[in-house]
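This briefing treats selected local features of the structure shown below, grouped by topic.

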Amino acid sequence: KNSAKTMEKELVTCSLQEKEKTVIDRSQIFQIPQRKDLDTKVIVVLGKAGMGKSILVQKICQDWSNGEFSQFEFVFWFDCKQISLPEKQYSLKELLLEFFVKPQEGSKEIFEYILQNPDKVLLIFDGFKGLHDHENFPRYSASQPEKDLCSVKELLSGLIQKKILNGCTLLFTARPKDKLYQYMSRVDRTIEIVGFSPQQREQYITKYFEESPYCDSALKLIKECEYLFSHCYSPVMCRFVCFLCETVLEMGEKSLPSTLTKVFLKFFQQKIMFMQTDVATTQNQESLATLARVAWCLGEKHQSAIKSDLIPSEEVREFALKYGFFLPFALPRHSDSGEEEFGSTFSDFVIQNFLCALHLLSAEELKDKNLTKYLSFLSKKKKPYNWLDLMPRFLAGLMFLQDDPYFCSLSNEGEKQSTKKQKTLLKYIRRLQINTLCPERLLELLCCVYETQNNYLLQHVALRLEPDLSFLGIVLTPPDVHVLHSILKRSRKEFSLDLRNSSIDMQGLQALVSLRNVTSFRASLSDTVRLWKSLEQTKDYELLKASTEKFVLDPFKAKTMKDISDLSNLVEMQEKMMYCMQEASGCTTYEIPAIRNLRKLEFALGPACGLQGLQKLVKILAAFPSLQHLDLDALSENGIGDEGAKSLSEVFPTLTSLETLNLSQNKITDLGAENLATALPSLSSLKTLSLYNNNICDFGAENLAKVLPAMTSLRVLDVQYNKITGAGAQQLTDSLRRCPHIKNLVMWNPTIPYGVLEHLHQLDSRISV
């Protein structure tokens, strides 16, 4: 995906949903087209936690060590969780040659070479969220990068401001919601890792159990639990599910837990409670409670790493390292005489999220009524815990597991306490005005309620959903889709879904569209056509017909060439549908309702692609028999010019339902106006024509004046802000006398003397001054 370009003052934001998805090879990551300058290059790799961003950068390092990416002589990889500890400061030399790698000799010469050849240096900062706070980055002010000590934020600021190592390549990995701060004024390339497809999930699970005696049964068992299989789109979750499946099969059990909360409850139980004595179990409970408190304290600061000497006790650190909850790392020394320092980081974001939920539920200082404030579907004024995005779901799930023996073994929570907390959550959700939640928070509510598996709550939420559900621009992951499908199925209401720019996969789209109580839906055109082609290939004509009947296109706004291509593919699909319907039911004609019912089409491709896009659009306009409003006026100005006006005028006879035509701000001159005028009478239903802010002069006005009497349906004509003089205005006025059907003529032009226009207005009040 190409990046969104600059926003000079505010944050650089990458609107990924608007970009066309293009699969790229790892070798193409650093190939940045149209960049010849020697400035620092910035590449951002986005992906939700657990998608494999860290694995990707490790593979880049490995590939480089094997001779690939030969444009770089030095590659430095930093885990932001480790280098961003607030109490640590480094010089650039220490960060590069102490933290990452320690050369045996010649470090001074190596550093000098790096400073002189920045274009041969790749710096990778993995987990940019580890540097998140709500203040702006400080400005880099060090004069001696070899000696001056700075915080990591200051060093990053210097790199991004091009004050140090200008010309190097910076690769950041971050979560999609993370902010890339204002000093990063240009992102040259944005890439998103989207996770496993269903086929890749199966491949991963098969590989995991390749040499296991459970090879045949494992995949079947996981796929039977659709919710867990949907979570396997995330590589990290897939590994956890495989581990748990292996454990379940070894114990002779025949089913997997039904929720993510139960998966990790069982995971922790298997890790630390299996074959333990009572004394060891008690010690582990205490260590786990302390570790959970550490997880929460760090999580509130958006951190997952801690200096080892700040961990409450050596027993807790040993406990966390023993069971793989912590990973150790070393901090660089400031000098040869300095003592070596160590830190610890949570081995996985899911583990920290689960421990945070465990702490909130078990902490004695937290009252029951305060627990709900940590859920992410609160009112707009209260800030959700986006960084700990799984914590609210685990918290809701744990509240409803008071009878679970695994939960009792991990927590000292009494049954009365748990029941009280359940009632608190039930009361809170009953009072919640679900219809006021924004789409993102509604989705979070559904996911939290699903984790409880409480039938009352699930039914309560299902019955209070609004009939029109919009998830426009909200990323719907496979687990989100599973939850939404499950809850919609419980409701007796009929629903209309807006799934545009939601990144929903084809399987998820098919699942939601196939629900009987989903009566209409909007989705990306390319995704919808891809689904229909898949159903056509599998000869599932019944679902194909049902989904085409439900699909809504009106109104449609084309913003890219891809939108025009997708619209063309939709029209082509209609021809294929005729064959499918003939094969299925003997019907010889078929119209896709979305095509038949499209009434408003907006065209906003901008000057770069405006003419090319319009020439492609006019080839299919005749396929939309109900088109009433064609709007070619865009803020960025399409600039179709005279050539575009000519192409459009050639299809006017086919646009029998068109009532509004907006050609404002398109650089149309007298030549284009002449071509338009010749064909305009064939628009038999046209009521409003706007040619505002073009380059039409008196000759163009004369041609328009000639055809006005023949345009009997026209009510409003707008030709203001052109180059019409008093002569052209007089011709339009003379023609207006023969047009009693016209209600308003807007023709203020800077080239018409005000007195002339005022005089014409007095002659005919339909002329606007």
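A residue is called buried under 20% relative accessible area, exposed over 50% and partly exposed in between, with a 1.4 Å probe and protein chains only. The model is predicted, so local features need pLDDT of at least 70 and side-chain atom pairs count only at pLDDT 80 or more, whereas totals for chains, interfaces and linings use all residues. Residues are numbered from 1 along each chain as its sequence is written, and side-chain values use heavy atoms, with hydrogens and water left out. Helices (H or I, at least four residues) and strands (E, at least two) are DSSP runs numbered from the N terminus.

**Two buried residues**

- Asn-703 belongs to helix H28, residues 698-707, and counts as buried because its relative accessibility is 11%.
- A polar atom of the Asn-703 side chain lies 3.0 Å from the backbone oxygen of Phe-699.
- Neighbours within four places in sequence aside, Asn-703 is in contact (heavy atoms within 4.5 Å) with Glu-674 and Ala-677.
- Asp-348 is found in the loop between strand E8 (341-346) and helix H13 (349-362), and its relative accessibility of 9% makes Asp-348 buried as well.
- Not counting residues up to four places away in sequence, Asp-348 touches Val-236, Arg-239 and Phe-240.
- The C-alpha atom of Asp-348 is separated by 9.2 Å from that of Ala-49, although the two residues are 299 residues apart along the chain.

**A parallel sheet**

- Five strands form an open sheet in the order E2-E3-E4-E1-E5, with parallel pairing; two strands pair if DSSP finds at least two bridges between them.
- Strands E2 (74-79) and E5 (189-192) stand at the edges with a single partner strand each, so one side of each has no neighbour in the sheet.
- From one strand to the next, the twist averages 15°.
- Strand E1 (residues 41-46) runs parallel to E5 and is joined to it by four bridges; Ile-43 stands opposite Arg-189 in E5.

**Packing of H25 and H26**

- Helix H25 (residues 606-617) packs with helix H26 (residues 641-649) at an angle of about 10°, with the axes 10 Å apart.
- Axes are lines fitted to C-alpha atoms, for helices over the stretch in contact, and angles between N-to-C directions run from 0 to 180 degrees.
- H25 and H26 are therefore roughly parallel, a term for angles under 35 degrees.
- Leu-611, Leu-614 and Gln-615 of H25 make the contact with Glu-643, Gly-644 and Ser-647 of H26.

Technical notes
Polar contact = N/O pair within 3.5 Å; in protein donor to acceptor, adjacent residues only side chain to side chain. Parallel < 35°, antiparallel > 145°, perpendicular 65-115°, else oblique.
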